[in-house]
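Subject: Structure handover, pockets

Hello,

Here is the structure for your files. My notes on its pockets follow below.

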Amino acid sequence: MGNVFPELKQYEDHIVDTIASEEKSFGRTLVNGIEKFKKAARDVKEKLSGQDAFLLWDTYGFPLDLTLLMAEERGLTVDVDGYNKAMNEARERSRNAQNKVDYVRRKLIAPNHTCTHMLNFALREVLGNHVDQKGSIVLLEKLRFDFSHAELDVYSKEAILADAKNVYGLRAVFGEVYPDPVRIVAIGRKVEDLLANPENKEWSSISVELCGGTHISNTREAESFALLSEEGIAKGIRRVTAVTTGSAFKAPELASALETEVNEASKAEGDLLEQKVTSLNGRVESAPIPTAKKTDLKAKISVLQNQVVKAKKKTAEENIQKAIKDVSEKAESVCSEGKGFCIARVSVGSDNAAMREAVVRVMEQKGIAIALKPLNGKGGGGKGGVLLKGRLEYSST
């Protein structure tokens, strides 16, 4: 077939890898379907429901004949009528969805549909012309797009510096002095192809750089990639920090654990909430987690911080009002009895700010001099002790 379709030879490795990948994917789906069947079979005594049989077809691609055979091996039957009913209902739902024309619905779908086209174009621009659409769905609330993107081989080869610089789209570090010959690293195409046709604008769609460092032989060896941060470090200069392989798998796991803690913290109140928020804020800030998730968690923590601030303000105002009431009552009692001073115990804990505010307000309202200082012994040392001194000009009017 290579004589008729020469592109088959050009992409032979990719085609073989794709077929192998599809076989592996189908194998995983088959295993999951078998496990689903086993679970459903354990839950019944004689007959597998038509809904379960339909689910095996709809989700895992099990034809009814296969389900019937597996059920027979376990001494079970299958509700075929129920299966046919579920199938017909699904077809009817599909027909209704296709036939229903609603202006409001179409208006909501339209942006997602147009952006699907934009996404298709952008993926080819960024990842390369090998990207093909494999499926899509456009809904009211979201769009979904399936596309092919192969694991790419990484090639390297030394070349004359002048020849290397002629390769269209080649990237090099500005101001860097390169040796001659120089090493070219390309992802997805052989260096020989680039050098043979250096002006081909297709090379701008792949990664081609001058580099003498160590690299993997295929992009699959990176396993995973997680973007941890993107920030400005100088005028016009941005910095990206990311991890690969095992660390990239751990990053979202840590983010998920922190999110659980943040959600649990939201159930706390008072001092406990403040302690949890303070701890989580520092840990999230320094945690090696995906930057998008970090932004979400910081937003949630900010909401909790606002709750803490509001709660503290409310408590402070309540303490002030209580302190004013206690100090006012004691001041009036002292002055009416002609006493020079008294000791008052104010029930606001260690809120010295509330006690000071109470003294100032009572002095202004009652026209008496009040001295505030720590008292020795129980109730002193800033824990609620207040010393009041009355003057003769006090008036009870």
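The largest pocket holds about 1400 Å³ of space. A pocket here is an open set of points on a 1 Å grid over the protein atoms alone, where a 1.4 Å probe fits, with protein on both sides within 12 Å along at least five of seven lines; lining residues have an atom within 4 Å of a point. Volume is the space filled by probe spheres set on the points, which are joined across faces, edges and corners.

The largest pocket is lined by 41 residues, and closest to its centre are His 14, His 130, Ala 150, Glu 151 and Leu 152.

This is a predicted model: local features need pLDDT of at least 70, side-chain atom pairs count only at pLDDT 80 or more, and totals for chains, interfaces and linings use all residues. Numbering runs from 1 along each chain as its sequence is written, and side-chain values use heavy atoms, with hydrogens and water left out.

Which helix gives the most to the lining of the largest pocket? H2, with 10 residues. Helices (DSSP runs of H or I, at least four residues) and strands (E, at least two) are numbered from the N terminus. Strands S3 (132-138) and S4 (143-148) are among the elements that each supply at least two residues. By class, the lining has 16 charged, 14 polar and 11 nonpolar residues. Charged means Asp, Glu, Lys and Arg; nonpolar means Ala, Val, Leu, Ile, Met, Phe, Trp, Tyr, Cys and Pro; the others, Gly among them, are polar.

The second largest pocket has a volume of about 260 Å³. H6 gives the largest share of its lining, four residues. Six nonpolar, three charged and one polar residue line the second largest pocket.

Best wishes
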